[in-house]
Amino acid sequence: WFFRAALVVGAVVLFGGNAYAGECPADKVAKDSVTSGPSTPNGVTDMVIGSINLDFKSVAFKGEKFRMRQLVVQPGGVVPWHNHGERPAIIYVVKGSITEYRSTCAVPIEHKSGEVTSEYGADLSHWWKNNSSEPAVLLSSDILHDTSTDKSSM
C-alpha cells in the first residue's frame, strides 16, 4: 500500500495536472489572517514511512533529511499550529478531507482526496482540523533539519 501511495505522490508531483486544488481564493489572500491555533496534536497518528539523509548532497544540506510520513487524522482531530519557514513540505490527501487554517488566507481551505498542497515560506503558519465524519489520510513529504527536537514539526 505504501509503495503504491508513494508512486501516486511522485506522479502527482512530476506530472501535475489538476491535482493542485484547495488553494486560498485570490481575493482572500491576506497576511496574518490567522495568527494562532491549537498547540498540540489531537487524534493524529504520524508514522514516518521513509527518510533519506541529505548530507551527501553538499555542505548546504548538512543535517537535513528528506522524509515521507503518513498522517491519519481522526474526525475532530487536529494537526497543531506550526510554521514552514525552514521546512518546505508537499501534502497529498490520500483519503477523506481536511480543513486548513492558514496565516495567509482569510477563509479556511478545504483539501479533498486526490489533492496536493505545497507548504513553504517564512510567512506560512497554519493548523489543520478534520471536520468530517471520516478519517483523513495524508502523505507528507518534507525536508527536516535532522537534529530538530521541535515537537511542532508536524
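Cys 24 has a relative accessibility of 17% and therefore counts as buried, a class that covers values under 20% relative accessible area, with exposed meaning over 50% and partly exposed in between (1.4 Å probe, protein chains only). The model is predicted, so local features need pLDDT of at least 70 and side-chain atom pairs count only at pLDDT 80 or more, whereas totals for chains, interfaces and linings use all residues. Residues are numbered from 1 along each chain as its sequence is written, and side-chain values use heavy atoms, with hydrogens and water left out.

Cys 24 lies in the loop between α1 and β1. Helices (H or I, at least four residues) and strands (E, at least two) are DSSP runs numbered from the N terminus. A search of the whole structure returned one disulfide, defined as a pair of cysteine sulfur atoms within 2.5 Å. This disulfide is formed by Cys 24 and Cys 105, whose sulfur atoms are 2.1 Å apart. The link is right-handed, with 85° about the S-S bond. It connects distant parts of the chain, 81 residues apart: Cys 24 is in the loop between α1 (2–15) and β1 (42–53), and Cys 105 is in the loop between β3 and β4 (109–112). A disulfide is a covalent bond between the sulfur atoms of two cysteines. Cys 105 also counts as buried, because its relative accessibility is 1%.

With residues up to four places away in sequence not counted, Cys 24 touches Val 29, Thr 104, Cys 105 and Ile 109; contact means heavy atoms within 4.5 Å. Cys 24 and Pro 108 are separated by 84 residues in sequence, and their C-alpha atoms are 8.0 Å apart in space.

Several strands are paired, a term that requires at least two DSSP bridges between two strands. Strand β2 (residues 64–95) runs antiparallel to strand β5 (residues 116–129), and nine bridges join them. Within this pairing, Ala 89 has Glu 119 in β5 as its bridge partner. Strand β2 is also antiparallel to β6, with 16 bridges between them. Here the bridge partner of Val 73 is Ala 136 in β6. Of the 10 residues of β6, eight are buried, and the strand is mostly covered.

Strands β3 and β5 are likewise antiparallel, paired over four bridges. In this pairing Tyr 101 stands opposite Trp 127 of β5. One aromatic pair was found in a search of the whole structure. Rings of Phe, Tyr and Trp (its six-membered ring) pair if their centres lie within 6.5 Å, and planes under 30 degrees apart count as stacked, over 60 as edge-to-face and the rest as tilted. The ring centres of Tyr 101 and Trp 127 are 4.4 Å apart and the planes are at 15°, so this pair is stacked. The pair links distant parts of the chain, with Tyr 101 in strand β3 and Trp 127 in strand β5, 26 residues apart. Both Tyr 101 and Trp 127 are buried.

Ser 97 belongs to strand β3 (residues 97–102) and is buried, because its relative accessible area is 16%. Its side chain is joined to that of Glu 110 by a polar contact of 3.2 Å. Beyond its neighbours within four places in sequence, Ser 97 is in contact with residues including Glu 110, Asn 130 and Ala 136. Ser 125 is located in strand β5 and counts as buried, because its relative accessibility is 12%. A polar contact of 2.9 Å is made between the side chains of Ser 125 and Asn 83. Not counting residues up to four places away in sequence, Ser 125 touches Trp 81, His 82, Asn 83, Tyr 101, Arg 102 and Ser 103.

A nonpolar core is a set of buried Ala, Val, Leu, Ile, Met, Phe, Trp, Tyr and Cys residues joined through side-chain atoms within 4.5 Å. The largest such core has nine residues: Leu 71, Val 73, Val 79, Ile 91, Val 93, Ile 98, Trp 128, Ala 136 and Leu 138. At least two residues of this core come from each of β2 and β6 (136–145). Strand β2 supplies the largest share, five residues.

Conventions: Polar contact = N/O pair within 3.5 Å; in protein donor to acceptor, adjacent residues only side chain to side chain.
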